[in-house]
Amino acid sequence: MEYLELQGSSDEELMIQLQAGHHDALAVIVDRYQRLVWSVAKKIVHDGGEAEDLVQTVFLELFQKMGLFDPERGTLKVWLLQIAYAKSINRRYHLQRRRFYDQAEVEEEVIASFVRPAATPFRMSTGETSRLVREVMTTLNPAQRTAVELISFEGLTFEELASKTAETLSNAKHHYYRGMMKLRESLSEVATRQSKGPRPMRKMGGPDA
């Protein structure tokens, strides 16, 4: 059976066809459930690009282990969700070990400094804070500066950034996170100087001056 003929089949029928060697059945299953699998993965790993990779991993596992599917033990949907959950949890642990989420936290800290200057420890006016941000942005290399501007200021996703700059998704993320880390370091230095306050002025003249 071909793809168009299989579209009206039930999940159980699709698995029977897949186990019989009709690989078009897998394409129908992917079309039917890829969005659901992506949604589960995204909620766990909190990154669209990583979730897309997990979608491929989940359906590859389905294909490799299709002989284990038993409709009497559960539906295809439940089986896919179990695979998606397990793979996503494993991937999240892997990202945590690589400190991926530590880097992601930089984004929240620095963006807060941009959009809520009154709440920052710098004790500067909005104009002074804006000037500081502009100055710090000039210390980034072009790829980092572009990534930060497009993600933080224009609201692009990592996928859109990669497409716009003709970079791989991995490189796009790298430029962004490195740029945000440099911004945090520079802004932290200023915060430290501000917290120390100005040096006390030396009194001039005598008590009657």
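Guide: Helices (H or I, at least four residues) and strands (E, at least two) are DSSP runs, numbered from the N terminus. This is a predicted model, where local features need pLDDT of at least 70, side-chain atom pairs count only at pLDDT 80 or more, and totals for chains, interfaces and linings use all residues. Residues are numbered from 1 along each chain as its sequence is written, and side-chain values use heavy atoms, with hydrogens and water left out.

Visitor: How many helices and strands are in the chain?

Guide: The chain has 10 helices and zero strands.

Visitor: Why is Asp11 called buried?

Guide: Buried means under 20% relative accessible area, exposed over 50%, and partly exposed in between (1.4 Å probe, protein chains only). Asp11 has a relative accessible area of 18%, so Asp11 is buried. Of the 209 residues of the chain, 37% count as buried.

Visitor: What makes Asp11 and Arg32 a salt bridge?

Guide: A salt bridge is a side-chain nitrogen of Lys or Arg within 4 Å of a carboxyl oxygen of Asp or Glu. The closest N and O atoms of Asp11 and Arg32 are 2.7 Å apart, so the pair meets the definition. Asp11 lies in helix α2 and Arg32 in helix α3, so the pair ties together parts that are 21 residues apart in sequence. Arg32, at 32% relative accessibility, counts as partly exposed.

Visitor: Which residues are joined with Glu61 into one network?

Guide: Glu61 forms a salt bridge with Lys87, with 2.9 Å between the closest N and O atoms. Since Glu61 lies in helix α4 and Lys87 in helix α5, this pair ties together parts that are 26 residues apart in sequence. Salt bridges that share partners join Glu61, Lys65 and Lys87 into one network. Between Lys65 and Glu61 the N to O distance is 3.1 Å. Glu61 is buried, with a relative accessible area of 16%, whereas Lys65, at 36%, is partly exposed.

Visitor: What makes a set of residues a nonpolar core?

Guide: The set must consist of buried Ala, Val, Leu, Ile, Met, Phe, Trp, Tyr and Cys residues joined through side-chain atoms within 4.5 Å. The largest nonpolar core here has 28 residues, of which Met15, Ile29, Phe59, Leu62, Leu76 and Leu80 touch the most other members. The elements that give two or more residues to this core are α2 (11-19), α3 (24-45), α4 and α5. With 10 residues, α3 gives the most to this core.
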